[in-house]
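Thanks, everyone. Let me walk you through one model this morning, starting with its rings.

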Amino acid sequence: MDAHRKVELFLERPIRRGRTGATHKGALVIIGGHEDRSGDKQILRAVADRLGKDGKIVVCTVASEQPQSLWDEYESAFRSLGVPHVYRLDIESREEASSARAIRILEGATGVFFTGGDQLKITSQIGDTPTFSRMQEIFEQGGVIAGTSAGASAMSETMLVTNNGDASYRIKSALLMAPGLGFAADMLIDQHFSERGRMARLIGAVSQNPRVLGIGIDEDTALILEHNRSFRVLGVGAVYVVDASKITYSNIGEAASDRTLSAFGLTIHMLSQGDRFDLPTRAPFPHPAESMEETNDDKKRASGD
């Protein structure tokens with residue numbers, strides 16, 4: 001279909017998460033930031049492996065203040081992993097996100113990769129545009145959507161946008177949240193997690209809405225979410241899951257208070273490479289890390305690395 005016509009159709013009927021008939025055939029690779037891009041590239045390899053034999057990945061640099069340097073790094077990394085088609089999508093306005101040019105770049109793509117930077121730039125420039133509709137279409141057709149750092153935070157339906165979280169959370173602290181892209185349903189994702197001491201702010205965030213599962217991801221670590229049902233951990237760090245669904249008490253409602261947050265009955269899981277987490281039951285399952293390392297070694301040998 002002509003790109004101009006596709007833009008018109010997406011403007012008339014945007015593709016949005018949760019609509020009737022929506023599917024979750026694709027995979028999400030959500031990365032805590034600072035993933036290896038020049039050595040073993042274990043996490044980026046997991047993205048490349050999901051693109052298909054003649055795969056095409058589009059690297060979206062909208063979040064970054066240094067888009068050219070990031071594009072150079074990711075283009076080199078993905079080409080070294082054998083991805084035959086690597087393209088850049090540099091969006092600077094919502095007008096560009098509604099252009100036929102953007103749709104042409106995304107044509108035939110089997111994966112999209114969001115770089116780090118500012119997650120608000122991702123959502124404000126792309127959210128509910130024809131570019132986003134096309135990305136949602138790629139995901140529903142079985143493609144992979146990946147994001148690192150700010151690109152990881154933007155994957156969730158609600159995202160953290162302020163407060164470094166390097167101290168105990170206070171009730172009236174400046175913890176601001178905004179709508180994310182919504183690929184990862186019922187999750188709130190935080191990145192650079194243990195490196196920047198963000199446990200307190202994640203607890204504060206899920207205490208505000210215990211329906212949402214808090215996910216903290218360390219650097220050079222990722223979760224791979226399949227069919228929106230379960231995820232597996234990959235990388236050298238940990239993924240932390242904060243479940244507030246059975247919370248018995250919190251003083252979060254004392255909005256005028258400068259008191260430190262109290263929250264009782266939280267469940268916290270710490271998962272490392274190979275471990276799996278089932279979303280419908282909110283239950284973790286152990287899995288030997290060595291099995292994923294062996295699988296990765298087999299893939300490297302097959303690709304000639």
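**Rings, cores and a sheet**

Tyr74, Phe78 and Phe113 form one aromatic cluster. Rings of Phe, Tyr and Trp (its six-membered ring) pair if their centres lie within 6.5 Å; planes under 30 degrees apart count as stacked, over 60 as edge-to-face, and the rest as tilted.

Before going on, the ground rules. This is a predicted model, where local features need pLDDT of at least 70, side-chain atom pairs count only at pLDDT 80 or more, and totals for chains, interfaces and linings use all residues. Residues are numbered from 1 along each chain as its sequence is written, and side-chain values use heavy atoms, with hydrogens and water left out.

Back to the rings. Searching the whole structure gives 8 aromatic pairs. Take Phe78 and Phe113: their ring centres are 5.7 Å apart and their planes are at 70 degrees, so this pair is edge-to-face. The pair links distant parts of the chain, 35 residues apart. Phe78 belongs to helix H3 (residues 67-80), and Phe113 to strand E4 (residues 111-114). Helices (H or I, at least four residues) and strands (E, at least two) are DSSP runs, numbered from the N terminus.

Are these two buried or exposed? Phe78 has 0% relative accessibility, so it counts as buried. Phe113 is also buried, at 0%. Buried means under 20% relative accessible area, exposed over 50%, partly exposed in between (1.4 Å probe, protein chains only).

One more ring. The charged end of Lys56 sits over Tyr87, 4.5 Å from the ring centre. The test is NZ of Lys or CZ of Arg within 6 Å of the ring centre and within 35 degrees of the ring normal.

Now the cores. A nonpolar core is a set of buried Ala, Val, Leu, Ile, Met, Phe, Trp, Tyr and Cys residues joined through side-chain atoms within 4.5 Å. Which members of the largest one touch the most others? Phe114, Ile215 and Phe231, out of 44 residues. Helix H7 (residues 130-140) gives the most to this core, with 4 residues. Apart from it lies another core, of 24 residues, including Ile31 and Leu234.

Last, the sheet. It is open, with 4 strands in the order E8-E9-E12-E15 and mixed pairing. Two strands pair if DSSP finds at least two bridges between them. Strand E8 (187-190) and strand E15 (267-271) are the edges, each pairing on one side only. Strand E12 (residues 239-243) runs antiparallel to E15, joined by 5 bridges. Asp243 has Thr267 in E15 as its bridge partner.
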